[in-house]
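Open the model in your viewer and keep the selection tool at hand. Each stop names what to select and then says what is there.

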Amino acid sequence: MTAIRIAIVGLGKIARDQHIPSIAGTDGIELAAIASRNASVDGIAHFATLDQLLADGRDIDAVALCTPPQVRHAQAAAALKAGKHVLLEKPPAATVSELAPLLTIANKARRTLFATWHSRFAPAVEPARAFLADRQIKSVDIVWKEDVRVWHPGQTWIWQPGGLGVFDPGINALSLVTRILPRPFFLTKADLSFPANCQTPIAADLAFTDDTGVRIRAGFDWRQTGPQTREVHIETDAGRLTVANSGGRLVHDDRTLLDETRYEYLGIYRHFTELIASGTSDFDLSPLVHVADAFMLGRRHSVEAFSD
Ligand code: NAP
């Protein structure tokens, strides 16, 4: 089978850290071009913009959109209309409603649209989902606290409308929890902390429940220095399940069931090649819906101005 020739659009932190090595490590797909205004990779065809790449007419089958969410809809629509399969970094969009039209275009063009949620490819996720499938769940505590200066140095788009602020990492937790919990849940309360000079929050405290009345709490904070915390604790009728280390570790009561290095993006690219081969798309909006709800329901608090 001929390898899928993919172009990366937006050569920034995640493209360099994860996409390039993961494409190199996946059978059936190869990096054929970069479209990025200010960056390139030695030996790989380079275009300043996606439009220039699409106008070039060279043999590109797919694009991975690693740009900020605010610009991805237009890029995804253009790429699909040009007959390319499209992989969207998370979050897949800056609004909930811009995604449905993309799926329509993808279906019409018979191309794959893959809205990735990288945390769902962490090793603890499917075992946790299987464990919880027939358990009675008593409570869920999500603690996702990071240092924004470490993970997003110099990035301004995260503080602008559509950049999501602390929900940029928080949506990783929501993508994981919406995968492992057996029932859908919904937001009941949100407190959002906005730095005085930013248009997106730096911290969020959220309360959710489901139709059985389970208490689900989430604390997202981008001001944590030192060790980073990305954990979900689930109390069940069969003890406490903890998904720790962003989904790399699974602990049942005091017993570690799994502790592995996370190679989430290898799973992403394997899945993308499978989707393309089967002519299907993968598109789940539920994590983004929870974020939109938080902006709708959230009480806004002003906190100290942010400086990088
Ligand atoms: P980034 O370092 O800012 O990279 C994004 C790149 O997109 C920039 O280097 C820039 O390249 C291009 N770009 C920026 N603004 C643009 C615009 N207005 N129009 C067109 N291109 C633009 O951001 P990142 O951290 O890689 O994050 C990108 C996406 O990946 C985000 O959605 C983020 O949530 C997701 N993600 C990030 C991480 C992480 O650890 N950082 C982890 C997982 C997922 P040029 O200037 O060269 O065009």
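Predicted model: local features only at pLDDT ≥ 70, side-chain atom pairs only at ≥ 80, totals over all residues.

Residues are numbered from 1 along each chain as its sequence is written, and side-chain values use heavy atoms, with hydrogens and water left out.

**The sheet.** Select the six strands, which make an open, parallel sheet in the order S3-S2-S1-S4-S5-S6. Strands (E, at least two residues) and helices (H or I, at least four) are DSSP runs numbered from the N terminus; two strands pair if DSSP finds at least two bridges between them. Strand S3 (45–47) and strand S6 (113–115) are at the edges with a single partner strand each, so one side of each has no neighbour in the sheet. From one strand to the next, the twist averages 25 degrees.

Now select strand S1 (residues 4–9) and strand S4 (residues 62–65), which pair in the parallel sense over four bridges. Ile 8 stands opposite Ala 64 in S4.

Contact means heavy atoms within 4.5 Å.

Within helix H8, pick Ile 268. Is Ile 268 buried or exposed? Its relative accessibility is 1%, so Ile 268 counts as buried (under 20% relative accessible area; exposed is over 50%, partly exposed in between, with a 1.4 Å probe and protein chains only). Leaving aside neighbours within four places in sequence, Ile 268 is in contact with Leu 87, Phe 114, Thr 116, His 118 and Phe 121.

**The pockets.** Select Lys 13, Ile 14, Cys 66, Gln 155 and Trp 157, which lie nearest the centre of the largest pocket, among its 47 lining residues. A pocket is an open set of points on a 1 Å grid over the protein atoms alone, where a 1.4 Å probe fits, with protein on both sides within 12 Å along at least five of seven lines; lining residues have an atom within 4 Å of a point.

Last, select Trp 117, Arg 120, Phe 121, Glu 126 and Arg 179, nearest the centre of the second largest pocket. H8 gives the most to its lining, with four residues.

Notes
Axes fitted to C-alpha atoms, helices over the stretch in contact; angles between N-to-C directions.
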